[in-house]
Amino acid sequence: GIIDKLTAVEANAAVTAGGLAEGMAQVANTANDAGISMDKLVGYLATVGEVTQRDMGSVGNSLKTILTRMQDIKSNKLELIDEDGTTELLSDVETTLKNVGIDLRATVNEFNNSGDVLDQLAAKWNSFSSI
């Protein structure tokens, strides 16, 4: 069933089934933990891969990073230290999303599904400036 899904997407998007499998290998566990279905994950991978034309391993790794940071906010891990020692406040992600009308949280103590947040972001993407 998985191969059929990947080849169906390959037939309709500028990505390969092998590339999709490579991307899934990078992000599948993180996406599952975030509550994202395999079908939705394949869609995310295909869309990002088709638009960016990056190798699918990089696309999968990028999605893993996005989802991990969202999960870190949920776990109250609000600082990320990059390889160069720069500290990034992950709470800024929530504030930035809120500023464009996307809520990371459903309530003070409950977060929205990560896939729903990404879908809301995608729906508004073309209205954003480069800033």
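A note to myself before I start: a helix here is a DSSP run of H or I with at least four residues, numbered from the N terminus. The model is a predicted one.

**Entry 1: I66 and T30**

I started with I66, which lies in helix α4, residues 56–74. I66 has a relative accessible area of 40%, so I put it down as partly exposed. Then I looked at T30, which is found in helix α2. Buried or exposed, this T30? T30 counts as buried, because its relative accessibility is 16% and the cut-off for buried is under 20%. I checked the separation of the pair too: I66 and T30 are 36 residues apart in sequence, and their C-alpha atoms are 9.8 Å apart in space. Leaving out residues up to four places away in sequence, I found T30 touching K64, L67 and T68.

**Entry 2: α2 against α3**

Next I looked at α2 (residues 17–33) and α3 (residues 38–52), whose axes come within 10 Å and cross at roughly 130°. That angle makes α2 oblique to α3. I noted the crossing of α2 and α3 as right-handed. Which residues make the contact? From α2 I listed L20, G23, M24, V27, A28 and A31, and from α3 I listed M38, L41, V42, L45 and A46. Sorted by class, the contact of α2 with α3 has 10 nonpolar residues, 1 polar and no charged ones.

**Entry 3: α3 by itself**

I ran a length check on α3. At 1.5 Å a residue, its 15 residues should span 21 Å, and the end C-alpha atoms are 21 Å apart, so the two agree. For burial in α3, I wrote down L41, V42, Y44, L45, A46 and G49 as buried. Just after α3, I found Q53 with a positive phi of about 60°.

**Entry 4: α1 against α3**

Last, I turned to α1 (residues 2–12). How do the axes of α1 and α3 cross? They come within 11 Å and cross at roughly 30°, which makes α1 roughly parallel to α3. I have α1 passing α3 in a right-handed crossing. The contact uses I2, K5, L6 and V9 of α1, along with M38, D39, V42 and A46 of α3. By class, I get 6 nonpolar, no polar and 2 charged residues for the contact of α1 with α3.

Key: Residues are numbered from 1 along each chain as its sequence is written. This is a predicted model: local features need pLDDT of at least 70, side-chain atom pairs count only at pLDDT 80 or more; totals for chains, interfaces and linings use all residues. Side-chain values use heavy atoms; hydrogens and water are left out. Axes are lines fitted to C-alpha atoms, for helices over the stretch in contact, and angles run from 0 to 180 degrees between N-to-C directions. Helices (H or I, at least four residues) and strands (E, at least two) are DSSP runs, numbered from the N terminus. Angles under 35 degrees count as roughly parallel, over 145 as roughly antiparallel, 65 to 115 as roughly perpendicular and the rest as oblique. A crossing is left-handed if the near helix is turned anticlockwise from the far one by less than a right angle, and right-handed if clockwise. Contact means heavy atoms within 4.5 Å. Ala, Val, Leu, Ile, Met, Phe, Trp, Tyr, Cys and Pro count as nonpolar, Asp, Glu, Lys and Arg as charged, and the others, Gly among them, as polar. The expected span of a helix is 1.5 Å times one less than its number of residues. Buried means under 20% relative accessible area, exposed over 50%, partly exposed in between (1.4 Å probe, protein chains only).
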